[in-house]
Amino acid sequence: MKTNRRCRALLAVSLNLMALLFSTTAFITTHWCEGTQRVPKPSCGKEKKTNCLNYGGNETANETNQNVVHYSWETGDDRFLFRYFHTGIWYSCEENINAAGEKCRSFIDLAPASEKGVLWLSVVSEVLYIMLLVVGFSLMCLELFHSSSVIDGLKLNAFAAVFTVLSGLLGMVAHMMYTQVFQVTVSLGPEDWRPHSWDYGWSFCLAWGSFTCCMAASVTTLNSYTKTVIEFRHKRKIFEQGFREEQNFLDQEAIKYFRERSVQSVTQSGEVSMDSAGFGTSRLSPTSA
């Protein structure tokens with residue numbers, strides 16, 4: 001039983017550690033959602049020769065004279081670029097079409113005013129989710145390596161299961177709130193940021209993977225707790241049944257012993273009475289003669 005219980009505890013600790021690593025990585029990365037944004041092509045210049053609008057004529061004159069009317073033969077989607085972007089809880093990063101690299105801005109500033117409260121609540125829930133995972137992981141490690149008795153281990157096991165379940169519920173609520181905020185921001189966010197197409201990224205998958213590992217760890221911990229309690233109750237029941245049977249056997253043996261003793265005492269007293277009577281007769285016979 002001790003080996004199986006230790007294996008279940010190791011499994012729960014491993015799952016909790018994976019959930020903690022996944023949630024922390026998802027919290028600090030910016031790939032919850034990713035896609036493309038449709039933006040107008042910039043004007044061609046000395047440093048920009050491709051993916052730009054070439055209006056023709058003297059470029060220097062066009063740059064210096066702001067009153068010149070520019071014409072372009074490109075129409076429709078040919079006038080636009082589709083730049084890659086990715087967004088996390090804290091920042092939204094976009095491909096820089098004028099230079100190499102990316103430029104990032106705060107996603108909290110991009111969210112509509114009506115959704116900022118929900119977004120901050122999501123951030124707080126994510127932080128609490130990670131903190132409760134740390135508490136649950138610490139309790140599981142204490143139960144695995146430093147529990148002095150089975151009873152203390154069961155207490156730590158129960159508390160670890162409670163903290164892990166609470167953290168999983170908070171994580172689920174936080175992920176759903178962030179998804180809601182992002183979808184509203186897609187519709188009501190700034191014009192220069194609204195995505196043309198988007199999908200969930202690997203950080204989002206890590207977040208829900210963390211939730212899955214967290215709930216699996218809590219189920220494993222609860223299973224270990226209930227199985228240990230059931231095994232103890234079963235052994236106690238068997239012990240009590242054996243004790244009752246032994247007690248009944250001893251009672252029956254005692255009753256049998258006392259019965260035999262009482263029968264022997266009665267028999268011996270009857271024999272003594274008969275011997276006493278016979279001895280008295282033999283003593284009186286010569287006298288009478």
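Biologist: Which side chain does Arg105 meet in a salt bridge?

Modeller: Arg105 meets Glu94, with N to O at 2.7 Å. By salt bridge I mean a side-chain nitrogen of Lys or Arg within 4 Å of a carboxyl oxygen of Asp or Glu. Bear in mind that this is a predicted model, where local features need pLDDT of at least 70, side-chain atom pairs count only at pLDDT 80 or more, and totals for chains, interfaces and linings use all residues. Residues are numbered from 1 along each chain as its sequence is written, and side-chain values use heavy atoms, with hydrogens and water left out.

Biologist: Thanks! Where do Arg105 and Glu94 lie?

Modeller: Arg105 is in strand β4 (residues 102-106) and Glu94 in strand β3 (residues 91-95), so the pair ties together parts 11 residues apart in sequence. Helices (H or I, at least four residues) and strands (E, at least two) are DSSP runs, numbered from the N terminus.

Biologist: Is Glu94 buried or exposed?

Modeller: Glu94 is buried, at 1% relative accessibility, while Arg105 is partly exposed at 24%. The cut-offs are under 20% relative accessible area for buried, over 50% for exposed and partly exposed in between, using a 1.4 Å probe and protein chains only.

Biologist: What does Asp192 form with Arg105?

Modeller: A salt bridge, with the closest N and O atoms 3.2 Å apart. This pair links distant parts of the chain, 87 residues apart: Asp192 sits in the loop between α5 (150-188) and β5 (197-200), and Arg105 in strand β4. Asp192 is partly exposed, with a relative accessible area of 45%.

Biologist: Which residues are linked in a network of salt bridges?

Modeller: Arg83, Glu94, Arg105 and Asp192. The whole structure has 4 salt bridges, and one of them joins Arg194 to Glu191 at 3.3 Å, N to O. Arg194 is partly exposed at 30%, whereas Glu191 is exposed at 62%.

Biologist: Switching topic: which residues touch the most other members in the largest nonpolar core?

Modeller: Trp32, Phe107, Leu119, Tyr178 and Phe182, out of 28 residues in that core. A nonpolar core here is a set of buried Ala, Val, Leu, Ile, Met, Phe, Trp, Tyr and Cys residues joined through side-chain atoms within 4.5 Å.

Biologist: And which elements give two or more residues to this core?

Modeller: α1 (2-28), α3 (107-110), α4 (116-145), α5 and α6 (202-288). The most comes from α6, with 6 residues.

Biologist: How many residues are in the second, separate core?

Modeller: That one has 10 residues, including Val13, Leu15, Leu139 and Met140.
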